[in-house]
Amino acid sequence: MRLIKVSDEEELSRMAAEYVFSKIKRSERIVLGLATGRTPLGMYRHLSKYSKEYKQSYSHVHTVNLDEYVGSRAYHDYMQQNFFDHIGIHKNQTHLPDGNAVDLEKECKRYEEVVKQLGGIDLQVLGIGENGHIGFNEPGTDFSSRTHVVELTESTLRANAKYFTHEKQPRKAITMGIGTILESKEILLLAAGEKKARALRELFQGTINSDIPATLLNHHPNVIVLADEGARSLLEEES
Ligand code: GLP
């Protein structure tokens, strides 16, 4: 795991966007795994700007998102507003789990199949939850898990309550499994702010265990972590 230290959220956003954009520019075809939440917002903003400036085509880009709430399109809307609307990517090339599917188990299988049919994920962007979750893989999730339905923990519900002012906050979500995520060729994890410091300390200095799902990333050979000062504040080398 490679740690890249940045000073603040702005630098993190810019570096993440430069990294992803260079991959988009250099590839003939690329499958991007995308995340939602507050942390990648700046990255999407910069990526949208670069794409306009360089008139970047997205005809060779496919995206698969990590998760969606059950009974909601919150993350569909987020992706549309913060990224897809700005880059002119064809709708057929963007994928998210359908949280409104009648048969959720079937939807999980369909989503796994989408990832498989695309040939797997080349670069997966991840945020990290305060309790160390990745995607919506909450503490206790097995490292071989595939796309599944989860009951969100109180910690996650509390952290994300602010996004549900117009609809009732769902208590369940569909998430790509840890096994699915670990099969990505490369992973870029973004961590900003002191609220993520405990999870980051566990990621780098804790034991690998499913109670802190992010620690399972230590099983992956190609992970870059971009972390700002706040997120690094509990790492031993920082004190
Ligand atoms: C949600 C998302 C995760 C995200 C996490 C952290 O739970 N499902 O993919 O990484 O929130 O979000 P934030 O960046 O807002 O702290």
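Helices (H or I, at least four residues) and strands (E, at least two) are DSSP runs, numbered from the N terminus. The structure is a predicted model, in which local features need pLDDT of at least 70 and side-chain atom pairs count only at pLDDT 80 or more, whereas totals for chains, interfaces and linings use all residues. Residues are numbered from 1 along each chain as its sequence is written, and side-chain values use heavy atoms, with hydrogens and water left out.

Salt bridges were defined by a side-chain nitrogen of Lys or Arg within 4 Å of a carboxyl oxygen of Asp or Glu. Nine were found in a search of the whole structure. One of them joins the side chains of Arg14 and Glu18, with an N to O distance of 3.8 Å. Both residues belong to helix α1 (residues 9-26), where a spacing of four residues separates them by about one helical turn. An α-helix has 3.6 residues a turn, so residues three or four places apart point the same way. Relative accessible area was classed as buried (under 20%), exposed (over 50%) or partly exposed in between, using a 1.4 Å probe and protein chains only. On this scale Glu18 is partly exposed at 39%, and Arg14 is likewise partly exposed at 33%.

The side chains of Arg146 and Glu112 meet at 3.2 Å, N to O. This pair spans 34 residues, with Arg146 in the loop between β6 (123-126) and β7 (148-151) and Glu112 in helix α4 (residues 104-117). Arg146 is partly exposed, its relative accessible area being 34%, while Glu112 is buried at 16%. Together with Glu183, these two residues, Glu112 and Arg146, are linked in a network of salt bridges. A further salt bridge is formed by Asp122 and Lys185, whose closest N and O atoms are 3.0 Å apart. Here the partners are 63 residues apart: Asp122 lies in the loop between α4 and β6, and Lys185 in the loop between α6 (178-182) and β9 (186-191). Lys185 is partly exposed, with a relative accessibility of 48%.

A buried loop position is provided by Thr36, which has a relative accessibility of 11% and is found between β2 (30-34) and α2 (41-53). Contacts were assigned to heavy atoms within 4.5 Å. Leaving aside residues up to four places away in sequence, Thr36 touches Asn65, Asp67, Tyr75, Tyr78 and Met79.

In helix α7 (residues 197-205), the residues Ala197, Ala199, Leu200 and Leu203 are buried. Viewed down the axis of α7, the buried residues fall within an arc of 160 degrees and therefore line one face of the helix; the arc is that of the directions from the helix axis to the C-beta atoms. The cover over these buried residues includes β9, β10 (223-227) and α8 (229-232).

Strands were taken to pair if DSSP finds at least two bridges between them. Three strands make up an open antiparallel sheet in the order β4-β8-β7. Since β4 (67-69) and β7 stand at the edges with a single partner strand each, one side of each is left without a neighbour in the sheet. The average twist from one strand to the next is 25 degrees. Antiparallel pairing of β4 with β8 (residues 172-175) extends over three bridges, and Tyr69 has Ala173 of β8 as its bridge partner. Helix α4 packs on the sheet, touching β7 and β8, and its direction makes about 125 degrees with that of β7. Axes are lines fitted to C-alpha atoms, for helices over the stretch in contact, and angles run from 0 to 180 degrees between N-to-C directions.
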